Amino acid sequence: MKVSRETLSALLINPYIYDFSAYSFWSAPLGLLYMGAVLRKNDFHLSLIDCLEIVEEKRKEDGRAPFIKEKIKTPLQTFDGIRKRLKRYGISESGLIKKLEHVHRPDIILITSIMTYWYTGTKEVLRVVRTAFPESKIIIGGIYPTLCYGHAAIHMADADLIVRNNEIDVFYDFIEEHLSIKLRYRTRFYGSDILPYPCFDLYGSPYFVPILTSFGCIYRCAYCSTPFMYPRIIRRKPGHVLDEILHWHEFNVKRLVLYDDNFLYDKTNHAIPILKGIGDLPFKLDIYNPNAMNAALIDEEIAGLLLCSGFKEIRIGLETINPETQRKTGNKVDRAGFERAIRCLLKAGFKSDTIGVYVLAGLPFQKWTDVKDAIDYLCDLGVTPHIAEYTPIPHTRLYEKYSGFARYPVTEEPLYQNNALFPFCWKGFTEENLVFLKGYLKEKTKSRQP
Ligand code: SF4
């Protein structure tokens, strides 16, 4: 197929998902929008269908919102015996078909796929899109095909290309070959400063914009896929990040969501100039960091800068207070370092309910009392714990070592990797214990409110 430059067009799709529960904690298909921006630099006309629509009237002031949803009949026998109800989050298949009717046949279609256990939504969207546009080239990318490439190759066989995170040249070569064009802009995805800003303008005037100032992480935590997804640490120049923030200001964006995994690494050369630069801007921003910061790297200066630059709340990952588990899972922070960070944040002016700390629940062979101890400890320190249910992620150390002990065949079927199914439930940490912990946490934090 030879295509003239004037007619190049690409459709970007963020599929709907099936899950037991889901909520938009500032979720956005950032990788897809970066790829769209790269295509736009190559003269592609872009359109976007984000199937994960939210209930706008229930949006919180900070930007979070529930996805639209519908209960469905559980489609897979694999869930027999599990009493939770599966829901579809986002628009329906018929809703997607209607939207596709308004799209002129694209030359290429990019479909992203995020969590491994959401692949059934992607598969359905692929079928619908293939039927609507049999001649378009369809490319699937994202976290799921990167972590489960073999599985995706089987289940997404209708796609023309399945591309992993670090295969940008495969993506470019495919487009050049199949559209018989020469791309004049073939930036490396991780080439930081020459990467165009993600095409969030396709949302019109976005309520918030995620911002990524760096890729990768210096730590190697046993439960985390970041080192696999981004083996190299690459950071954008602070000036480039600030230019992007100014760019979004022109779209009237008032909320930024920091997607970095390791923002504070080498803070003197990275986080500090960025935060100072944001603080000096002639307008105010509200900033959130749902991916958490490393407490070990928070000192008085950082705490003050976080507050002054507009962070409305700070999320930190503690994960466990069991010293042995801390050591075995990555040693990213110890108790002394964590407590120092909390003192600095409180001194800087953050309030108890604006310091949120993640505690992992459901690690392989973890005892439920470990989680209770962590909740007590954090409440005593005057901060707000958040239970993060453990997800077994392919290519992580814990997954490689313990997947055979899960109560479901997590290596055979990604649907079982869903943390809502509590894959590592065992007699030392039962479903009842988890329910108790959630109620316990609710009571503890409620009783602290003035
Ligand atoms: S510090 Fe955070 S991002 Fe880095 S490896 Fe550990 S959990 Fe992952």
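How many bridges join β2 to strand β5, and in which direction do these strands run? Three bridges join β2 to β5 (residues 87-89), and the strands run antiparallel. The structure is a predicted model, in which local features need pLDDT of at least 70 and side-chain atom pairs count only at pLDDT 80 or more, while totals for chains, interfaces and linings use all residues. Residues are numbered from 1 along each chain as its sequence is written.

**Domains**

- The protein chain is assigned domain 1 (5-179) and domain 2 (208-448), with bounds that come from an automatic or database domain assignment.
- The centres of domain 1 and domain 2, taken over C-alpha atoms, are separated by 26 Å.
- Their contact takes 22 residues from domain 1 and 22 residues from domain 2, where two residues are in contact if their C-beta atoms, placed from the backbone, lie within 7 Å.
- On the side of domain 1 that touches domain 2, the largest share, three residues, comes from helix α4 (residues 143-147).
- By class, this side of domain 1 has 12 nonpolar, seven polar and three charged residues; here Ala, Val, Leu, Ile, Met, Phe, Trp, Tyr, Cys and Pro count as nonpolar, Asp, Glu, Lys and Arg as charged, and the others, Gly among them, as polar.

**Sheets**

- Helices (H or I, at least four residues) and strands (E, at least two) are DSSP runs numbered from the N terminus, and two strands pair if DSSP finds at least two bridges between them.
- An open sheet of five strands, with parallel pairing, has the order β3-β1-β6-β7-β8.
- Here β3 (45-50) and β8 (161-162) are the edge strands, each with a single partner strand, so one side of each has no neighbour in the sheet.
- Strand β1 (residues 9-14) is joined to β3 by six bridges, the two running parallel, and the bridge partner of S9 in β3 is H45.

**Helices**

- Helix α1 (residues 30-41) lies across β1, β3, β6 (108-112) and β7 (137-141), running at about 175 degrees to β1; axes are lines fitted to C-alpha atoms, for helices over the stretch in contact, and angles run from 0 to 180 degrees between N-to-C directions.
- The axes of helix α2 (residues 93-101) and helix α3 (residues 119-132) come within 11 Å and cross at roughly 35 degrees.
- This contact is made by E93, L96, I97 and L100 of α2 together with E124, V125, V128, V129 and A132 of α3, and its residues divide into seven nonpolar, no polar and two charged.
- Helix α8 (residues 238-249) and helix α9 (residues 271-279) pack at an angle of about 35 degrees, with their axes 9 Å apart.
- P238, V241, L242 and I245 of α8 meet P273, I274, G277 and I278 of α9 in this contact, whose residues divide into seven nonpolar, one polar and no charged.

**Ligand**

- The ligand is surrounded by 13 residues, of which the closest are C217, Y219, C221, C224 and D261; a residue is near a molecule if its C-beta atom, placed from the backbone, lies within 6 Å of it.
- The shell around the ligand divides into five nonpolar, five polar and three charged residues.
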